[in-house]
Amino acid sequence: MEAKTKYKIQRDMDDKIGRNDPCPCGSGKKYKKCCLLKKGPKLNDYKDLYLQTYRIRLKENRDIEGIKKTGQLVLELLQLVKNEIKPGISTDYINTLVHEFTIKNNAVSAPLNYRGFPKSVCVSVNEVVCHGIPGKRILRDGDIVNVDVTPILNGYYADANQTFFVGSPGSEAQKIVRVARESLKIGRSMVRPGNTIGDIGWAIQKYAEGEGCSVVREFVGHGVGFEFHEPPEVPHYGIKGKGIRLIPGMVFTIEPMINLGRKEVIILEDNWTVVTADGSLSAQFEQTLVVTQNGYESLTPFDL
């Protein structure tokens with residue numbers, strides 16, 4: 001990293017961090033009594049500090065390019081599924097599409113056999129919040145279905161999902177999909193150096209609850225790139241200004257799970273399928289993002 005770039009990043013951090021805020025280096029001291037007193041570019045030290053303090057592995061440019069290439073495969077997979085979504089197909093048919101296209105592109109489906117998960121993709125219909133196991137369930141007109149794909153290409157992971165309409169959606173389906181989509185959009189807007197993970201969750205929660213919906217607490221976004229799930233966790237609810245400070249090179253997902261009814265969920269006997277406790281509809285959108293010098297870049301950039 002060139003000195004000019006390091007100084008610019010440091011100025012961005014100085015503008016965002018209050019003198020009495022905890023220092024982002026993880027020392028436990030106030031910023032004014034720690035890194036603010038040090039001279040010269042200081043973010044060069046943050047890679048080791050974030051690894052040691054938070055177990056967060058910041059990504060270099062070559063890593064980001066690798067994740068971005070995997071992200072392109074993610075987008076192709078989601079478009080393939082979108083083109084085939086219609087009443088009458090089974091969720092297992094979606095799994096076959098994803099599995100075969102992934103192999104055809106010299107990649108591996110990360111979900112397959114991950115902690116015993118038996119399929120290559122998560123397919124979650126209507127009241128299923130996440131981790132739906134593809135099987136014999138037939139999609140019907142008016143359903144909503146979330147498809148979550150995570151391929152591994154050349155050792156790099158990228159993770160994204162979308163909720164699709166099956167046939168003609170009703171008003172409730174239209175509402176929950178709209179709110180879930182906008183929740184991701186709002187969460188992304190909070191990603192910039194100097195902001196915190198809490199800022200992301202706070203913004204999503206404020207919006208979703210303002211729309212009369214609820215935010216699932218049990219499942220969160222996560223670091224990704226070198227592994228399927230890495231630190232940090234990224235809750236979709238929270239307190240503004242709290243949590244780990246964002247710095248360039250952090251790569252993670254934002255994937256708010258939004259319920260039309262209450263926030264409570266139940267895990268079924270298969271130990272994977274998560275459903276809303278009240279049977280209400282649930283929707284989700286997810287992208288993999290990298291924190292840049294001035295904000296963020298989506299590495300799985302579909303339109304919202």
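1. Tyr-46, Tyr-50 and Tyr-54 form a cluster, joined to one another through ring pairs. The model is a predicted one, and the search over the whole structure returns 6 aromatic pairs.

2. One of these is the pair of Phe-117 and Trp-272, which is edge-to-face, with 5.1 Å centre to centre and 85° between the planes. Phe-117 sits in the loop between strand S1 (108-109) and strand S2 (122-125), and Trp-272 in the loop between strand S13 (265-267) and strand S14 (274-276); the two are 155 residues apart, and the pair links distant parts of the chain. Both Phe-117 and Trp-272 are buried.

3. Tyr-156 and Phe-226 make a further pair: the ring centres are 6.4 Å apart and the planes meet at 40°, so the pair counts as tilted. Since Tyr-156 belongs to strand S6 (residues 156-157) and Phe-226 to the loop between strand S9 (221-223) and strand S10 (230-234), the pair ties together parts 70 residues apart in sequence.

4. Are the two partners buried or partly exposed? Tyr-156 has 17% relative accessibility and therefore counts as buried, the cut-off for this being under 20%. Phe-226, at 24% relative accessibility, counts as partly exposed.

5. Phe-226 also has a charged neighbour: Lys-59 lies over the face of the ring, 4.6 Å from the ring centre.

6. Ser-90 is found in the loop between helix H3 (61-84) and helix H4 (91-104). Its relative accessibility is 17%, so Ser-90 counts as buried. A polar atom of the Ser-90 side chain lies 3.0 Å from the backbone nitrogen of Tyr-93.

7. Which residues does Ser-90 contact, leaving aside its neighbours within four places in sequence? They are Gly-135, Lys-136, Arg-137 and Ile-138.

8. For the chain as a whole, there are 6 helices and 17 strands. Of its 304 residues, 53% count as buried. The accessible surface comes to about 13900 Å², with 47% of it belonging to carbon and sulfur atoms. Among contacts with a separation of 6 or more, 68% are between residues 24 or more positions apart. The pair of Phe-117 and Trp-272, at 155 residues apart, has been described above as linking distant parts of the chain.

Note on methods: Residues numbered from 1 in each chain as written. Predicted model: local features only at pLDDT ≥ 70, side-chain atom pairs only at ≥ 80, totals over all residues. Heavy atoms only, no water. Helix = DSSP H or I, 4+ residues; strand = E, 2+ residues; numbered from the N terminus. Buried < 20%, exposed > 50% of the residue type's maximum accessible area, 1.4 Å probe, protein only. Contact = heavy atoms within 4.5 Å. Areas by Shrake-Rupley, 256 points an atom, 1.4 Å probe, with all protein chains shown as cover. Phe/Tyr/Trp six-rings, centres within 6.5 Å; stacked < 30°, edge-to-face > 60°. Lys NZ or Arg CZ within 6 Å of the ring centre and 35° of its normal. Polar contact = N/O pair within 3.5 Å; in protein donor to acceptor, adjacent residues only side chain to side chain.
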